[in-house]
Amino acid sequence: MPLEFAHQHNGQFPDPGPWKHPEPRPLELYAPLGLEALPNQRFTKVKRTSFGLNLMVVGESGLGKTTFMNTLFNADLKEEILPRNPQHTQTVAIQPSHYELEEDGVVLNLCIVDTPGFGDQLNREHNLAPIVEYIDKQFEEYMTAERHPGFRQTIPDTRIHAILYFIAPNGHGLKELDANALRTLSAKVNVIPVIAKADTMTAEEKKSFKSILLRDLEFHSIKTFPSSYADEVDGAEDLLQHIPFSVIGSDNLTVVGGRKVRCRTYRWGVVEVENTEHSDFVYLRELLMSTCLHDLVETTHSVHYHRHRGDALRAKGRPVSILECDDTYESQISGAKQKNKQDLDHHEEAIRKMFVQKVKDKESELRDREEKLNAKKAEMVAELELYRAQIEAEQREVDEMVTLARSGTLSKSSSKMFKAK
């Protein structure tokens with residue numbers, strides 16, 4: 001900004017810096033402008049655009065992962081994601097399957113990445129390698145697209161937004177394979193731990209097993225979604241108490257109480273999939289679809305992808321100072337500005353309160369001094385009145401004495417005149 005312009009406007013329009021807008025000045029409207037219709041325009045535009053969700057399913061064979069995914073999305077996905085002969089699998093396979101789901105005009109492009117063969121071998125040392133390689137490959141492809149001259153166009157997002165990690169209901173805590181896998185994967189992707197086959201445990205056993213798993217997750221420093229991403233997630237506070245989610249899957253519809261429900265039927269009774277007393281399936285679906293789908297995508301981009309991108313650039317000798325000039329740095333600066341503003345407001349409020357208190361103390365002191373002066377004045381006025389009364393009394397006595405003296409002199413003079421005659 002030219003110096004003359006700054007002097008002319010007395011600093012009212014400071015230069016905000018490159019690629020930034022100056023702080024707007026709030027104004028009050030004299031009449032309605034129609035701004036309330038703007039969210040509807042955004043809603044209509046967003047609704048025309050399809051949403052994307054890439055889910056990876058990880059867990060040992062036999063935990064009902066395929067059945068659960070069918071149940072979760074109310075669709076028959078098993079033909080494409082069902083593992084084939086998992087007991088004969090020598091390596092972990094990566095099987096992405098793509099679907100398009102539509103409801104009330106809203107389209108969801110769903111990608112389910114299955115990992116058949118995970119945990120099936122006796123030697124599980126290299127079970128994670130194909131999964132981590134696939135995740136990193138999607139990050140690299142996104143980075144390549146960003147560097148392309150046409151990156152201004154929409155980049156197809158194949159990055160994994162969340163991993164549903166299925167844990168066997170053994171009641172004893174995390175296995176070594178699960179602990180290592182969760183620790184590695186949680187550093188790259190949003191991980192949601194899921195207790196499979198919740199119908200094999202009683203309510204007390206599920207509560208105890210959840211407590212054990214939470215203790216193990218904390219012990220191994222494993223980050224889970226959304227518990228470990230409080231700053232990036234909004235509106236999921238009520239769902240945190242159900243983590244890790246204990247779930248049931250079923251392809252069967254049965255009439256229970258006059259309504260069709262997904263359930264598993266046993267000789268001793270019926271276990272309903274969407275009954276919150278039987279499983280946490282409803283809460284997991286609410287987390288994925290109703291509350292945190294957008295947060296999963298945003299966290300993948302702003303946290304996991306930016307970390308991978310920064311590591312990749314630093315490996316090539318890119319200075320850290322350059323890396324900090326990205327969206328993450330801007331968000332940090334915005335947070336720092338907000339915090340400084342809050343601190344300044346608190347400091348200003350503290351100074352205002354201190355000033356008000358000092359004014360009150362000074363007013364109280366002056367009031368006390370005024371009362372003392374008024375009391376002293378009243379005392380002095382009373383003394384003056386007393387002195388005046390005394391003086392007036394003495395004056396009357398003197399006047400009486402003078403009068404008496406004059407009367408006595410006149411009497412003596414009259415007597416002498418009569419004797420002379």
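**Before selecting anything**

Residues are numbered from 1 along each chain as its sequence is written, and side-chain values use heavy atoms, with hydrogens and water left out. Because the model is predicted, local features need pLDDT of at least 70 and side-chain atom pairs count only at pLDDT 80 or more, while totals for chains, interfaces and linings use all residues.

**The whole chain**

Display the protein chain as a cartoon: 11 helices and nine strands are present. Helices (H or I, at least four residues) and strands (E, at least two) are DSSP runs, numbered from the N terminus. Of the 421 residues in the protein chain, 32% are buried; buried means under 20% relative accessible area, exposed over 50% and partly exposed in between (1.4 Å probe, protein chains only). Contact means heavy atoms within 4.5 Å. Among contacts between residues at least 6 apart in sequence, 68% join residues at least 24 apart.

**The six-stranded sheet**

Select β1 to β6 next. These six strands form an open sheet of mixed pairing, in the order β2-β3-β1-β4-β5-β6. Two strands pair if DSSP finds at least two bridges between them. The edges are β2 (95–103) and β6 (245–246); each has a single partner strand, so one side of each is left without a neighbour in the sheet.

Within the sheet, select β1 (residues 51–58) and β4, which run parallel and are joined by four bridges. Valine 57 stands opposite leucine 164 in β4.

**Helices on this sheet**

Axes are lines fitted to C-alpha atoms, for helices over the stretch in contact, and angles run from 0 to 180 degrees between N-to-C directions.

Then show helix α7 (residues 203–219), which lies across β4, β5 (191–195) and β6 and runs at about 150 degrees to β5. Lysine 210 is a residue of helix α7. At 14% relative accessibility, lysine 210 counts as buried. Leaving out residues up to four places away in sequence, lysine 210 touches Ile195, His242, Pro244, Ser246 and Asp280.

**The three-stranded sheet**

Move to β7, β8 and β9, an open sheet in the order β7-β8-β9 with antiparallel pairing. The edge strands, β7 (253–256) and β9 (269–272), each pair on one side only. On average, neighbouring strands of this sheet are turned by 65 degrees against each other, direction ignored. Strand β8 (residues 259–266) and β9 are joined by four bridges. Select arginine 264 to find its bridge partner in β9, valine 271.

**Aromatic pairs**

Show the side chains of Phe, Tyr and Trp. Rings (for Trp, the six-membered ring) pair if their centres lie within 6.5 Å; planes under 30 degrees apart count as stacked, over 60 as edge-to-face and the rest as tilted. By this rule there are six aromatic pairs.

Select phenylalanine 118 and tyrosine 165: the ring centres are 6.1 Å apart and the planes stand at 85 degrees, so the pair is edge-to-face. Phenylalanine 118 lies in the loop between β3 (106–114) and α5 (128–147) and tyrosine 165 in strand β4 (residues 162–167), so the pair ties together parts that are 47 residues apart in sequence. Both phenylalanine 118 and tyrosine 165 are buried.

Tyrosine 142 and tyrosine 305 come next: their ring centres are 5.1 Å apart and their planes at 75 degrees, so this pair is also edge-to-face. Tyrosine 142 is in helix α5 and tyrosine 305 in helix α9 (residues 293–315), 163 residues apart. Tyrosine 142 is buried at 13% relative accessibility, and tyrosine 305 is buried at 0%.

Elsewhere, Phe68, Phe166 and Phe281 form one aromatic cluster.

**Last stop: arginine 159**

Which loop holds arginine 159? Arginine 159 is in the loop between α5 and β4. With a relative accessible area of 2%, arginine 159 is buried. A charge sits over a ring if NZ of Lys or CZ of Arg is within 6 Å of the ring centre and within 35 degrees of the ring normal. Arginine 159 lies over the face of tyrosine 142, at 3.7 Å from the ring centre, and its charged end sits over the ring of tyrosine 305, 4.9 Å from the centre. Apart from neighbours within four places in sequence, the contacts of arginine 159 include Asn54, Gln138, Thr300 and His301.
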